[in-house]
Amino acid sequence: MAGALSCRSPAPGENVKPFTPEKTKEIVMSLQQPAVFCNMVGDWPALRWNVKYLSAVLEGKTIQFRLGLKTVDLVPQFETSCSYVEATLKEFLAWSCGQPSCLSGPFSCYDYSKYWAYADYKYIARIFEDKPEIFQDVRWSDFGFPGRSGKESTLWIGSEGANTPCHLDSYGCNLVLQVQGRKRWHLFPPGDTSFLYPTRIPYEESSIFSKVNIANPDLKRFPKFRNSTAHVVTLSPGQVLLVPRHWWHFVESIDPVTVSINSWIELDADHEARVEEAITRMLVCAIKSAENPSDGDLWLNPTEVEATSHEINLQYLNKAVSAYLQCQETSVSGQARSSSTAAQPRTNASCESKRREVGCEAESCTLLTQECDFPTPRAEELQKIPFGPHLIQVLPQSHPTSVMGAVERGGGDLLHENEGEHFGKLHCKRKRLLISNDCETAAHQMDSECSPCTSQTALSTNDVLDCLVNPRVISLVAQLLLERMRV
């Protein structure tokens, strides 16, 4: 669908949402392509969550910002090559507006014309822990997930140019509400995985990164990227994007200030995905930890707490396998019961049991939730997806992906353009990043680490890892392990 985003606004006095919660959840759980929901959140108090409002709510509390260069290189600007500062939202807003007051603040070393800032992946439950009443401003119950609020969501605040490197999330599907400003999403289907050159370096549990810089692809190093199919959408305030399971995405802020809220919806397939992630973690940590630390390879993403030991990683793997097998057993027994009696929904007690099996208690992992009230509908039970003014599908670009670097960066809310993070981790913790006080060193480090890689004459550890923990290989290893456990 080409052209401007055409979401029909509700008529005066029209408060009825276009889809019931039950129908919306049916769409979310069955749709295998990205789509934008319109006119579903007009009454959400969260729509007032612009940076100025959030600054007043936080009352001077500092949060962490990731800073990157606006210059677009041939390689992705991973989090390992960024700088970090602690700042208030008031200081961030002053910096993004170019006010002189920021010359002596935490952003003083970073010229707004050269850098972007991103307070990404902030758990709302943590940053507003002393104001729990604000959780109710986010109402995912309208999408068919009763009880899910801001407490099970994350907050993203960025300046123009702020971006997330292209990656896919190992767990769940994703609902993203745009609150302030606009973000452009470049999405690629799961079938394009081999064209995006997946890598686990830098390593982050639940995220598979692409080696390709989507904004400026190096087609000499990554020629298969030409075969990929980009779905591009500019998300505006009040719209909600559905990112289906295992869809790759590169996200960029295109307005001076952007605010987004998202929530990852757990799926039954995540049980096997956690086994795959546990295997990957064991291999990456074992191999990379054996390298000489003086090599200076920043292989561990800053979001990770530490390079966990082999013993701990083995515990993760066994817990993930146990949870998967229990899920399979519950599913089989449930089908057996439904053959003789009416099918009954899974209980909250069984959900809590699964949560404990993966070693993640509710108080330590607010995002690892089980949506047990609504079983996933079968394909034959689904009605035709009601695309229209309230649900607009994101279709592929009409031009080849190879010209992505020349895509127009201007405005225009297009769903199909010619020219918006992760599920609960096994350890359920985030690393407190170190603050760089040496501005010149930080800037130099970013410049040097973002330069294109020179051609290698010998295989490196990362080359071996890219093959060893390739998603296809890990999937096969997980299947073999699970078959072994069933014997």
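The term pLDDT denotes the predictor's confidence in each residue, on a scale from 0 to 100. This structure is a predicted model, in which local features need pLDDT of at least 70 and side-chain atom pairs count only at pLDDT 80 or more, whereas totals for chains, interfaces and linings use all residues. Residues are numbered from 1 along each chain as its sequence is written, and side-chain values use heavy atoms, with hydrogens and water left out.

The protein chain has a mean pLDDT of 81, and 74% of its residues reach 70 or more. Where pLDDT is low, the predicted coordinates should not be read in detail.

Attention may now turn to a pair of helices; helices are DSSP runs of H or I with at least four residues, numbered from the N terminus. Two packed helices are described by the angle between their axes and the distance between the axes. The axes, which are lines fitted to C-alpha atoms over the stretch in contact, with angles running from 0 to 180 degrees between N-to-C directions, come within 8 Å for helix H2 (residues 51–58) and helix H3 (residues 89–96) and cross at roughly 150°. H2 and H3 are therefore roughly antiparallel to each other, a description used for angles over 145 degrees. In this contact, Val51, Lys52, Leu54, Ser55 and Leu58 of H2 meet Leu89, Lys90, Phe92 and Leu93 of H3. The residues of the contact comprise six nonpolar, one polar and two charged; Ala, Val, Leu, Ile, Met, Phe, Trp, Tyr, Cys and Pro count as nonpolar, Asp, Glu, Lys and Arg as charged, and the others, Gly among them, as polar.

The loop between helix H5 (270–289) and helix H6 (310–340) contains aspartate 297. Aspartate 297 is partly exposed, with a relative accessible area of 32%; buried means under 20%, exposed over 50%, and partly exposed in between (1.4 Å probe, protein chains only). Leaving aside residues up to four places away in sequence, aspartate 297 touches Lys288, Glu291 and Asn462. Asparagine 301 also lies in the loop between H5 and H6, but asparagine 301 counts as buried because its relative accessibility is 1%.

Cysteine 82 counts as buried, at 9% relative accessibility. The structure holds zero disulfides, a disulfide being a pair of cysteine sulfur atoms within 2.5 Å.

Notes
Helix = DSSP H or I, 4+ residues; strand = E, 2+ residues; numbered from the N terminus. Parallel < 35°, antiparallel > 145°, perpendicular 65-115°, else oblique. Contact = heavy atoms within 4.5 Å.
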